[in-house]
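Subject: Structure handover

Hello,

Here is the structure I said I would pass on. My notes on it follow below.

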Amino acid sequence: LCPQVPELENATVRIQHPERVTGIIRSLKEQGTSKLQVISDFDMTLSRFGCDGRRCPTSHNILNDSRVISEDGRKKLKDLLHYYYPIEIDPNRTLEEKRPLMVEWWSRVHELLTQQNIRKGDIAQVVRESGVMLRYGLQELFDRLHKYNVPLFIFSAGVGDVLEEIIRQANVFHSNINVVSNYMDFDENGVLTRFKGPLIHTYNKNNSVLQGTEYFQQLSTRTSIILLGDSMGDLTMADGVPSVENILKIGFLNDKVEERRGKYLDAYDIVLERDETLDVANGILRYILTE
């Protein structure tokens, strides 16, 4: 396919239009480092989906399953998950149907969390005690982007305070990273009182929540994009970029692989099925960023 990127031959890789993908990768290299930026989802994209047949926690799960949540709170959060998650990933429902339901889900979760007396000082410990796992190759990815001054924009429907702590504890929170997510608001005693707006859920990751998109305006010359996501909602994450010249969309298909494969192959340039690594992204970056 692209001899310079042998990772594209990995067994987990599926590509519907190989020539097109090869063309985009070549263009990204020709445009060079100064034009490149990476836009990525966090949960189940940079963090792992599963390990030894067990689900790994998302940034919301890390809180939900922690000692700072009451038994009753935990049960309610699980009930919400069991009700709304199948809706989120249902390939037969339209985005129009899903959006209001996602707002409902996230709002109810945030409401429950604010009733739990969560303290700002607890977050580092909660992350430390959690089973969160980052994808293999994450450190290489973050370090390489930092080394070549390539901006990394993390656009997450998770909990910003938690995911920043995860990156910090992995020692890869470099200066080229910018995060947009759902952040907690603490009172003067450091107790969670609410979440700051606007609410970001799986299906509104676009201009509508990027208040004025100052970030992308500053990067208006960064017209080459590598986008990493794991849901249909992640496809709009680059909508705030003023004039995209090249975009390569890499999608992680983690769950319900057979029934969702067709939709993913139509939407993403490269689909990675049950792949818990960042090998493909790293291989592509290695090729683009080396002289």
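In which loop does Ser231 lie? Before the answer, one caveat: this is a predicted model. Ser231 sits in the loop between E9 and E10. With a relative accessible area of 7%, Ser231 falls under the 20% limit and is therefore buried. Apart from its neighbours within four places in sequence, Ser231 has contacts with Thr202, Tyr264 and Tyr268.

Overall picture

The protein chain contains 10 helices and 11 strands. For 291 residues, a compact globule would have a radius of gyration near 19 Å, and the 19 Å of the protein chain agrees with that. The C-alpha trace spans about 55 × 40 × 35 Å along its principal axes. Of the 291 residues, 58% are buried. Among contacts with a separation of 6 or more, 70% are between residues 24 or more positions apart. The accessible surface is about 12,900 Å², and carbon and sulfur atoms account for 47% of that surface.

The strands around E10

E10 is mostly covered, with six of its eight residues buried. On one side of the pairing list is strand E9 (residues 224-229), which is parallel to E10 and joined to it by six bridges. Within that pairing, Ile225 stands opposite Ile247 in E10. E10 also runs parallel to E11, and four bridges join these two strands. Here Phe252 stands opposite Leu272 in E11.

Backbone points to check

Lys256 is in the loop between strand E10 (246-253) and helix H9 (257-267). Arg274 is in the loop between strand E11 (270-273) and helix H10 (279-289). How do they stand on exposure? Lys256 has a relative accessible area of 39%, so it counts as partly exposed. Arg274 reaches 52% relative accessibility, which is over the 50% limit, and therefore counts as exposed.

There is also a cis peptide bond from Gly197 to Pro198, with omega near -10°. Pro198 belongs to the loop between strand E8 (192-195) and helix H8 (214-218).

Aromatic pairs

A pair of aromatic rings is described by the distance of the centres and the angle of the planes. The count comes to eight aromatic pairs. In one of them, the ring centres of Tyr83 and Tyr84 are 4.7 Å apart and the planes are at 85°; because that angle is over 60 degrees, the pair is edge-to-face. Tyr84 is buried, at 0% relative accessibility. Another pair, Phe153 with Tyr215, is stacked, with 4.7 Å centre to centre and 25° between the planes. This pair links distant parts of the chain: Phe153 is in strand E5 (residues 152-159) and Tyr215 is in helix H8, 62 residues apart. Phe153 and Tyr215 are both buried. Tyr83 and Tyr84 also belong, together with Trp105 and Trp106, to one aromatic cluster.

Regards

How values were computed. Residues numbered from 1 in each chain as written. Predicted model: local features only at pLDDT ≥ 70, side-chain atom pairs only at ≥ 80, totals over all residues. Heavy atoms only, no water. Buried < 20%, exposed > 50% of the residue type's maximum accessible area, 1.4 Å probe, protein only. Pairing = 2+ DSSP bridges. Contact = heavy atoms within 4.5 Å. Rg over C-alpha atoms; globule rule 2.2 N^0.38 Å. Areas by Shrake-Rupley, 256 points an atom, 1.4 Å probe, with all protein chains shown as cover. Phe/Tyr/Trp six-rings, centres within 6.5 Å; stacked < 30°, edge-to-face > 60°.
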